Amino acid sequence: MDNNCIFCKIINGDIPSTKVYEDDTVLAFLDISQATPGHTLLVPKKHVENIYDYDQQLAMDVLTKIPMIARAIEKSNPKIKGLNIINNNGEVAYQSVFHSHIHFIPRFTRDEDDFGMRFKDNSNAYTSEKLEKIASSIRENLED
Ligand code: AMP
Ligand code: ZN
């Protein structure tokens, strides 16, 4: 636990989040910016800054969960036509929270405005109820 880390605070329950999946080693929750509807983050519960700090065990614990979460997101909304899975390392690569995380960004159309490595912040368009509705739909589709 890093006391100055926003994701450690979320993992610890000190800051609210809209949870999608949790086990002993990882947490997945909706990204507040919702670059597209369903935008989810997967984080190790252990505070590591970036991918370079993963040992084999942490890689097993985190990276093997990716397909399960991807499938749940894909099934959660029939309008989802694609999914970008992105991991930013370093400020120059648009990492802004220095607790390692994997982005899952559902894609609905090729024409989404300005979609690039720098994601749009749509947080103003979402209430906690709207976020919870999206998260519950993803949770309902989680299978091993
Ligand atoms: P990155 O820019 O790759 O480091 O991604 C960090 C992500 O964390 C951004 O997409 C933010 O929208 C997201 N984020 C920051 N604070 C929170 C929070 N309290 N709850 C959910 N997502 C957050
Ligand atoms: Zn942390």
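## Polar contacts of ligand 1

A polar side-chain atom of H101 lies 2.9 Å from an oxygen atom of ligand 1. In this predicted model, local features need pLDDT of at least 70 and side-chain atom pairs count only at pLDDT 80 or more, while totals for chains, interfaces and linings use all residues. Side-chain values use heavy atoms, leaving out hydrogens and water.

The side chain of H103 places an N or O atom 2.8 Å from an oxygen atom of ligand 1. At the backbone, a polar atom of I32 is 3.1 Å from a nitrogen atom of the ligand. Ligand 1 taken alone exposes 510 Å², of which the protein buries 85% (Shrake-Rupley method, 1.4 Å probe).

## The surrounding shell

Around ligand 1 there are 16 residues, and D31, Y94, S96, H101 and H103 come nearest (a residue is near if one of its heavy atoms lies within 4 Å). The shell comprises 9 nonpolar, 6 polar and 1 charged residues (Ala, Val, Leu, Ile, Met, Phe, Trp, Tyr, Cys and Pro count as nonpolar, Asp, Glu, Lys and Arg as charged, and the others, Gly among them, as polar).

Both α1 (6–12) and β2 (26–30) supply at least two shell residues. The largest share, 3 residues, comes from α1.

## Overall fold

The protein chain has 4 helices and 5 strands (DSSP runs: H or I of at least four residues for helices, E of at least two for strands). Along the sequence their pattern is α-β-β-β-α-α-β-β-α. The radius of gyration is 14 Å, close to the 15 Å that the globule rule gives for 144 residues, so the chain is as compact as a globular protein of that length (taken over C-alpha atoms; the rule is 2.2 Å times the number of residues to the power 0.38).

Technical notes:
Residues are numbered from 1 along each chain as its sequence is written. Chains are lettered from A and ligands numbered from 1 in the order in which they are written. A polar contact is a pair of N or O atoms within 3.5 Å; within protein, one must be able to donate a hydrogen and the other to accept it, and residues adjacent in sequence count only if both atoms are side-chain atoms.
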